[in-house]
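Here is my note on the model you sent. Please read the points with the structure open.

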Amino acid sequence: MLPSRRIYLLLLLGTLAGLGISLVGTDIFNSHFLGLAIALTLVFDGVVLLLAFLDAQWVKPDRVQVTRSPLNRLSIGRDNPVELTVQAGKRPAIVQIRDDYPQAFSVSAPTLAASLPAHQSETLTYTVFPSQRGEYGWGDIYVRQLGTWGLAWHQWKVPQSQTVAVYPDLIGLRSLSIRLTLQTTGNIRRVRQQGMGTEFAELRDYIGGDDPRLVDWKATARRNRVLVRVLEPEQEQTLIVLLDRGRLMTAQVQGLARYDWGLNALLSLALAGLNRGDRVGVGVFDRQMHTWIPPERGQPQLAKLIEQLTPIQPALLEPDYLGAVTRVATYQNRRALVVLITEVLDTTASTDLLSAMGRLAPRHLPFCVTLRDPQVDRQAHTLTTDIPTTYARAVALDLLNQRQLALAKLKQRGVLILDAPANQISDQLVDRYLQLKTRNQL
């Protein structure tokens with residue numbers, strides 16, 4: 001039994017009444033009246049407490065039923081919804097619910113409250129925000145139900161403990177999958193760049209501005225109207241994604257490790273590649289190739305990537321870019337788009353990266369993806385008014401300048417570059433890949 005606010009008010013009222021009686025008795029009658037006032041106050045308080053106990057006990061036969069919807073795999077860096085269904089019994093119910101979620105998670109509402117009519121149910125929803133991958137223990141559900149008289153809460157525990165796994169951004173992957181499917185089926189209007197593909201897709205009527213070289217003269221003669229060939233990018237190409245799990249990838253950016261942003265981007269890119277019919281392979285490396293998944297096509301490859309890459313964590317080790325690239329060059333004879341997801345500081349620290357990416361060209365198409373910290377961007381572009389913040393801004397500007405110099409050297413060696421904020425990297429990387437496919441740059 002837990003006392004409600006109403007019982008505290010009643011006890012306070014009884015105490016004040018007894019105090020008033022005792023003061024009257026002291027001033028007008030005799031001191032024996034004081035004992036009577038105290039006795040009456042104790043009796044009143046005892047009756048109130050007894051009623052509160054009975055109020056809490058009478059809830060037991062008609063408790064609400066609380067169940068948690070099955071928790072599958074949660075997504076890192078996302079607000080994952082958790083649903084609790086509350087079913088009232090024969091009487092209306094006022095309840096407070098606390099779910100024993102993992103303490104490592106941020107939560108939108110630690111305590112949920114509801115007021116239900118008799119025989120009615122309600123679904124309560126809150127969200128959890130995990131910032132690290134792994135397995136977490138989820139505890140039971142603690143429920144409080146207010147008695148009919150509103151004097152006390154009856155509290156009990158609903159056994160619902162389970163183990164929940166936190167994966168990369170599966171919510172983002174589902175959204176991307178829907179977007180790619182809609183684009184493929186034509187439900188979203190696509191602007192096709194004629195003449196940039198190599199595979200024939202269909203014939204359509206000539207529109208002013210079309211390349212005359214795409215006119216199909218035989219089909220035009222047969223149908224008595226000018227028709228042009230629609231060409232699409234070649235399918236079944238090879239996409240290799242290398243993910244750095246070294247020292248710089250352990251830094252926290254926008255609440256997640258930079259490695260986790262890179263892993264989310266890797267899976268988004270892999271989904272886009274598989275959706276477009278490409279063979280997708282992945283390597284995760286530090287001082288050596290930690291994990292190598294050979295290129296395959298088809299949706300089963302995505303499930304394999306998720307299961308094998310989810311347990312991997314970044315390490316405080318310097319990455320061996322040359323070793324990772326050599327592995328790709330050894331096992332990948334066919335020309336491929338090789339995407340390296342990493343972080344750069346300056347030209348001195350990125351010497352190995354420059355050498356490794358330069359080695360890929362011209363046999364492969366090298367693509368370097370770096371994950372910027374938005375906080376550094378904000379600090380570099382915010383006007384300052386005092387010496388400490390001015391100094392911090394100068395450091396941020398110098399970091400960005402050194403970074404741009406390193407990326408410029410990569411670009412001079414024929415390396416494609418994408419430098420974007422870590423929290424935006426997935427969308428920008430997928431868009432850039434789709435542009436490469438459309439322009440047939442591979």
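**Notes on helix packing, strands and overall form**

1. Helix 5 (residues 258-275) packs on helix 6 (residues 299-309) at an angle of about 165°, with the axes 9 Å apart. That makes helix 5 roughly antiparallel to helix 6. Axes here are lines fitted to C-alpha atoms, for helices over the stretch in contact, and angles run from 0 to 180 degrees between N-to-C directions. Angles under 35 degrees count as roughly parallel, over 145 as roughly antiparallel, 65 to 115 as roughly perpendicular and the rest as oblique. Helices (H or I, at least four residues) and strands (E, at least two) are DSSP runs, numbered from the N terminus.

2. A word on the source. This is a predicted model: local features need pLDDT of at least 70, side-chain atom pairs count only at pLDDT 80 or more, and totals for chains, interfaces and linings use all residues. Residues are numbered from 1 along each chain as its sequence is written, and side-chain values use heavy atoms, with hydrogens and water left out.

3. Helix 5 passes helix 6 in a right-handed crossing (left-handed if the near helix is turned anticlockwise from the far one by less than a right angle, right-handed if clockwise). Helix 5 brings Tyr259, Leu263, Leu266, Leu267, Ala270, Leu271, Leu274 and Asn275 to the contact; helix 6 brings Gln299, Gln301, Leu302, Leu305, Ile306 and Leu309. Contact means heavy atoms within 4.5 Å. By class, the contact of helix 5 with helix 6 has 11 nonpolar, 3 polar and no charged residues. Ala, Val, Leu, Ile, Met, Phe, Trp, Tyr, Cys and Pro count as nonpolar, Asp, Glu, Lys and Arg as charged, and the others, Gly among them, as polar.

4. Helix 7 (residues 321-331) packs on helix 8 at about 15°, with axes 8 Å apart. Helix 7 is thus roughly parallel to helix 8. The crossing is right-handed. Tyr321, Leu322, Val325 and Thr326 of helix 7 meet Asp352, Leu353, Ala356, Arg359 and Leu360 of helix 8. The classes in this contact are 6 nonpolar, 1 polar and 2 charged.

5. Helix 8 (residues 351-360) also packs on helix 10 (residues 387-412), at about 20° and with axes 9 Å apart. The two are therefore roughly parallel. Their crossing is right-handed. Leu353, Leu354 and Met357 of helix 8 meet Ala406, Lys409 and Leu410 of helix 10. That contact has 5 nonpolar, no polar and 1 charged residue.

6. An open sheet of 4 strands has the order 2-4-8-6, with antiparallel pairing. Strands pair if DSSP finds at least two bridges between them. Strand 2 is joined to strand 4 (residues 80-87) by 4 bridges, and valine 66 stands opposite valine 86.

7. Strand 5 (residues 93-99) pairs antiparallel with strand 10 (residues 141-146) over 5 bridges. Arginine 98 stands opposite tyrosine 142. Strand 10 also pairs antiparallel with strand 11 (residues 152-158), over 6 bridges. Here arginine 144 has glutamine 155 as its bridge partner. Strands 10 and 11 form a hairpin with 5 residues between them; glycine 150 in the turn has a positive phi of about 75°.

8. Overall, the protein has 11 helices and 22 strands. Its radius of gyration is 33 Å, well over the 22 Å that the globule rule gives for 442 residues, so the protein is more spread out than a compact globule. The radius is taken over C-alpha atoms, and the rule is 2.2 Å times the number of residues to the power 0.38. The C-alpha atoms fill a box of roughly 115 × 65 × 40 Å along the principal axes.
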